[in-house]
Amino acid sequence: MKIGIDSIAFSTSKYFLSLDVLAQQRNVDCEKYCFGIGQKKMSIFPPNEDIVTIAIDAAQKILSQIENKKDIDMLIFATESSFDISKSAGIYIHHFLGLKDDCRVFDVKQACYSATAALQLAKAYVNSNHRSKVLIIGSDIVRYSPGTSGEPTQGGAAVAFIVSQNPRILEIEPHFGAYTTDIMDFWRPISMKEALFDGKLSAHNYLKSLEICTKRYFEKSNLAISDVDHVCFHAPFGKMARKANNQLLKSKTIEETLIYNSIIGNSCSASLYVSFISLMDNFKCDFSKKRICFFSYGSGSVAEFFSGIISENYKKMLKAEEHQTMLSQRIEISFSEYESLHSNDFNDFSAYQNVGNVILSGIVDNKRIYVSMEDNN
Ligand code: CAA
């Protein structure tokens, strides 16, 4: 049975900071951010937007593509930016999407790898529950302390995709190469809002994991690099993905995979799938029956290299226009606005626009209050 990605879309904040502005303020050569790191802009989130609100927006973009949303009987929410270590953030999303209550909902975490864990879990689940559809959402907002080397690689986005039988976009193949090792390259203690990291170690371990995972993938699959048409990488920043591409196969389409990530910034669990959407939306060719490989890396660390075959007629499932409209309507903020949004999370919940129709309207007694603007109209 063919199982894989049946529909896919992403969402990000209405607001961004240009890295030229950040470079000027930090007294860094703009070329370093643009070419040395490979990023142009980063999404910045207002207090009324979080991993839940952008996740709902991403999911709403694809729900109209399935015949009956009652077929969704599992929602897996992948994130490393969780605000609650007990209640699953997926439950808020389940509510606002109006999914049936006979639907399992839970969060998964393993840094930027978690949406891939969810994908493989969903594939196995659909294999034994043929009529099931699983909604997977990877949603993250990446925050580093101001002035650190990680600062220009902040960002955030949510990606939503449905895993089902007879997928209309990508059939996931059985072969994979995985690698897990205990390493302190990037972590965020529960008490902290900003991630801690050892940048050089993380970049080294990313490339080492790629080498090990690809070796295992090619050994298990009996495929050769010449059987691969395109590769999408987890892209914490563009240069990392370009280095990975140079190490692996020098795919010519690497630039198309980075178009969206270079203006969103790191979106952790969503990043790899934003690379895939970016390739599909922006590289003008017929991908039908092509083999796309994926490299997923989550610090700490777990990595996986896997592949899929693009379905025929995938084009009508793409949301390129919606993605491009969303990105073109973003609003640039000044450096001082960035500083206040970074330092002052929960002051004014109403001063900013949201990308979608559900907003975080406040936090009362430590309870997050989400409101649908559609209900208010
Ligand atoms: N013009 C052009 N290029 C310039 C330049 C200039 N004026 N000045 C410097 N550069 C180049 C450097 O030569 C270097 O290029 P190479 O990597 O090809 O050698 C590049 O810009 C970066 O410069 P530095 O080596 O000085 O790096 P830095 O100290 O500024 O830190 C970073 C860069 C390590 C990526 C840092 O941003 C960081 O730690 N980020 C967070 C951690 C991270 O994202 N790690 C990625 C792997 S982990 C992962 O993937 C999980 C995850 O999502 C977090």
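Helices α2 (30-37), α6 (199-221) and α7 (238-248) each contribute at least two residues to the lining of the second largest pocket, and α6 gives the most, with 5 residues. Helices (H or I, at least four residues) and strands (E, at least two) are DSSP runs numbered from the N terminus. The model is predicted, with pLDDT of at least 70 required for local features and 80 or more for side-chain atom pairs, while totals for chains, interfaces and linings use all residues. Numbering starts from 1 along each chain as its sequence is written, and side-chain values use heavy atoms, without hydrogens and water.

The second largest pocket holds about 730 Å³ of space. A pocket here is an open set of points on a 1 Å grid over the protein atoms alone, where a 1.4 Å probe fits, with protein on both sides within 12 Å along at least five of seven lines; lining residues have an atom within 4 Å of a point. Of the 31 lining residues, S149, T153, G199, S202 and F237 are the closest to the pocket centre. By class, the lining has 14 nonpolar, 11 polar (Gly counted among them) and 6 charged (Asp, Glu, Lys and Arg) residues.

Turn now to strand β2 (residues 15-18). Y15 and L17 point one way from β2, F16 and S18 the other way, and all are buried, meaning under 20% relative accessible area with a 1.4 Å probe, protein chains only. In a regular strand, side chains alternate between the two faces of the sheet.

Strands pair if DSSP finds at least two bridges between them. β2 runs antiparallel to β3 (residues 41-44), joined by 4 bridges, with F16 opposite S43. β2 runs parallel to β14 (residues 331-332), joined by 2 bridges, and Y15 stands opposite I331.

Conventions. Points joined across faces, edges and corners; volume = space filled by probe spheres on them. Buried < 20%, exposed > 50% of the residue type's maximum accessible area, 1.4 Å probe, protein only.
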